[in-house]
Structure formats: C-alpha cells, structure tokens
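This briefing is meant to be read beside the sequence and the coordinates.

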Amino acid sequence: MGAISEDDLNTCLKTLESCSKNAADGDRADESRMLDVLKQLQKRAVTADLLKRTNAGKRLNKFCKHSCDAVSAGAKAAVEAWKQCVKQETQAADGGSGCEQAGAAEAGPRPGGPAAAAAAPAGPATTPAPSAGPATASRTGSGGPASLPRQPSSSLPFTVNPPRCGNDTRDKVRGMLAEALAVGYVAASGGADGGPSSLQSPNLLAAAIEEALFDLLGGGGGGGGVTAEYKAKARSLCFNLKDAKNPDLRERVLSGTVPPEALVRLSAEEMASDEQKKKNRELKDWLAKEAVRGGNNTATTDMFQWVAARGREGGGTGGLGQGEGCGR
C-alpha cells in the first residue's frame, strides 16, 4: 500500500485523539474506531519528513500506554511499523525511491533491507485512501463483507474504501457515502487523489457519518440488521451529498463545518441546494395563494355589478336580458 498523505495522517490522529477518552471508559464503538485507524497506520508508509512536520510520532506514542490493551497493542505495532519504514528510507537514501510500504497489518512490520528498498519502483507514488482493516469485523464472528462499490477510476480518480464494520448493509452505506463525498474532494483537489489538506478524508468521514446515523436511528432490523428509517435516511444523505447542484453541502461536510452528528439530523429540506430551496419556497407561496383564492367566494370583477346597475336604470330586471349582454 502506498504512502499516506499528510491530510489523511492528521485525520487519523485526530480520530484517535477524539475517541481515546470514550474508549478508555469502555465505549466499544470508539474502541473499534481506534483499532480500525491503527490498522491503517500500520499498513501505510510514512517518511521521516512527514513525521517531523506533523509531530505524528509523539502523538501516536502516547496511545502505547492506553488503558485498553487492544488499542495499546495496535499503537505499538504502528510505531514499530513507522520505525521500520524510516529505517528502510534511510538505507535506500542512495538508491532513489525510498520506502513504499511499512508492512502487513496482521503480521506487523515486514523486515526490509537495502536490497528490498532498492527494488522499489521509482517514480511518484499514488496516494489511495485508507483501506479497511478486519479489526471490527472480527468481533462479529464472521468473515469480512463483500467488496464495497467503487466508482470507475475514469470518472472518479479516488480510491473508495472506507473502514468497515462487518455488517453488509452498513458497509454498503459507507461506500455510497464515500463515493458521494469524493465528488467534492476530488473537485477541490483539481483531480488529485490526495486532496487538499483543509478537507477531511472521504473514507474516514463516510465511516463517521454512518456511525452517527446508526447511533441515531439504531438497529432493530433483526439479526443485526438495520431499521427502515435508517435505510431511508441513508438514501436521502447519499442523494443530497452527491447532487451535482448542491456542492455547498459537500464542502461544508468535508471541511467539518457540518459534523457527522449534525448532518444526520438535518431534514431533506435543510440539506437541499439553494436552487431547490428557492423552488420549494415558490411552490409554497403559490399553494398559499391558491388556498386563499379557493376560500374567497366573492367576485373578482365588478362587471356583473355594473350590468345590474344599468338594468335598474333602464327599468330592466337587473339581469343580462334585453340586449344588455356582456358581448356588446
């Protein structure tokens, strides 16, 4: 797997920092989220310069003493993988390309040396988004779910592969959300897979949104499934986030202005684009006017009053007879 980008690294570390306290208090969801992120950090290559710029080594090292044994072990494995990667980079300094991979996640860092580093392909490495680890899926007692749907690389140059939770339906929702968010992520980066550092990773963000949605509407579908309300809200979120006429919503979500917990509570009207909101307002105004007109039984013209007055002046009956028709 390729080297991790600076923005993805910062996003991973922020996720660890935000989930640490709850995981220490026994929150299984946050613990699982931390394990998924640590699994990614074990797989992704880093450079000495990247670690220095982000202070990532010091930030990650504090989790080695986490009260949760699984988190502590995962953090130690990630630190060791980073040390191995920097070592390979140093050994390959005269060979050109540097370190491309820190090592397999399950077996820990893969031993390497000058020969292996020199054999690494030269040229700039692509930066795919973090792939999912089996940490959460292993808790379900079953194998990992089927592959998530991916957008063709010709139309969406971004690797859609958010962290998985082990439930087929929820993992599919995560993939759909990541695809929708990647539209704005790739557009903001000018087509680059890395994306701008000011935006959050669509893969990690999609997993956080789905987690918040599941917490809000919950399971209860039976057999570890989900509710109908969950599915309906998931479809609404994916539709509005992927709407080509609603880039503002994607930007606010990717930038963190609208956090996952707030996003899943927005109504369809609140998520709609400005253009759609304008159309909705116009429709409501028109319906209101029609309701007023329907409740007003008085004439909207004084034609008949005028004809009735002429009839009285001429001694008529007040109707339209005797040549006093409207057509004259």
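In this predicted model, Lys62 and Glu17 form a salt bridge in which the closest N and O atoms are 4.0 Å apart. The pair links distant parts of the chain, since Lys62 sits in the loop between H4 and helix H5 (69–91) while Glu17 belongs to helix H1, 45 residues apart.

**Other salt bridges**

- The salt-bridge count for the model comes to 14, and the pairs described here are among them.
- Lys21 and Asp25 bring their side chains together in a salt bridge, with an N to O separation of 3.4 Å.
- Both partners of that pair are exposed: Lys21 has a relative accessible area of 60%, and Asp25 has one of 57%.
- A further salt bridge joins Glu210 to Arg174, and here the closest N and O atoms are 2.9 Å apart.
- Because Glu210 lies in helix H8 and Arg174 in helix H7, this pair ties together parts that are 36 residues apart in sequence.
- Salt bridges with shared partners join Arg170, Arg174, Glu210 and Glu211 into one network.

**Overall fold and helix packing**

- The protein contains 14 helices and 0 strands, and its pattern along the sequence is accordingly written as α-α-α-α-α-α-α-α-α-α-α-α-α-α.
- Of the 328 residues in the protein, 43% are buried.
- Helix H1 (residues 6–24) and helix H2 (residues 28–43) have axes that come within 9 Å of each other and cross at roughly 150°.
- This angle makes H1 roughly antiparallel to H2, because angles over 145 degrees fall into that class.
- The crossing in which H1 passes H2 is left-handed.

**Positions around Cys12**

- Val37, which has its place in helix H2, is 25 residues from Cys12 in sequence, and the two C-alpha atoms are 6.1 Å apart in space.
- Val37 counts as buried, because its relative accessibility is 4% and the buried class covers values under 20%.
- Ser201 is found in the loop between helix H7 (168–188) and helix H8 (202–217), and it is 189 residues from Cys12 in sequence, with a C-alpha to C-alpha distance of 9.1 Å.
- Ser201 is also buried, with a relative accessible area of 1%.

**A backbone feature at Asn55**

- Asn55 is not a glycine, yet it has a positive phi of about 60°.
- This residue lies in the loop between helix H3 (48–54) and helix H4 (56–61).
- With a relative accessibility of 40%, Asn55 counts as partly exposed.

**A nonpolar surface patch**

- Leu283, Trp286 and Leu287 make up a nonpolar surface patch of about 330 Å².
- One of these residues, Leu287, is found in helix H13 (residues 274–295).
- Leu287 counts as partly exposed at 45% relative accessibility, and it therefore meets the requirement of over 30% relative accessible area that applies to residues of a patch.

Key: Residues are numbered from 1 along each chain as its sequence is written. This is a predicted model: local features need pLDDT of at least 70, side-chain atom pairs count only at pLDDT 80 or more; totals for chains, interfaces and linings use all residues. Side-chain values use heavy atoms; hydrogens and water are left out. Patches are made of residues with over 30% relative accessible area and no salt bridge: like charges are joined within 9 Å, nonpolar side chains (Val, Leu, Ile, Met, Phe, Trp, Tyr) within 5 Å. Accessible areas come from the Shrake-Rupley method with a 1.4 Å probe; for residues, only the protein chains shown count as cover. Helices (H or I, at least four residues) and strands (E, at least two) are DSSP runs, numbered from the N terminus. Buried means under 20% relative accessible area, exposed over 50%, partly exposed in between (1.4 Å probe, protein chains only). Axes are lines fitted to C-alpha atoms, for helices over the stretch in contact, and angles run from 0 to 180 degrees between N-to-C directions. Angles under 35 degrees count as roughly parallel, over 145 as roughly antiparallel, 65 to 115 as roughly perpendicular and the rest as oblique. A crossing is left-handed if the near helix is turned anticlockwise from the far one by less than a right angle, and right-handed if clockwise.
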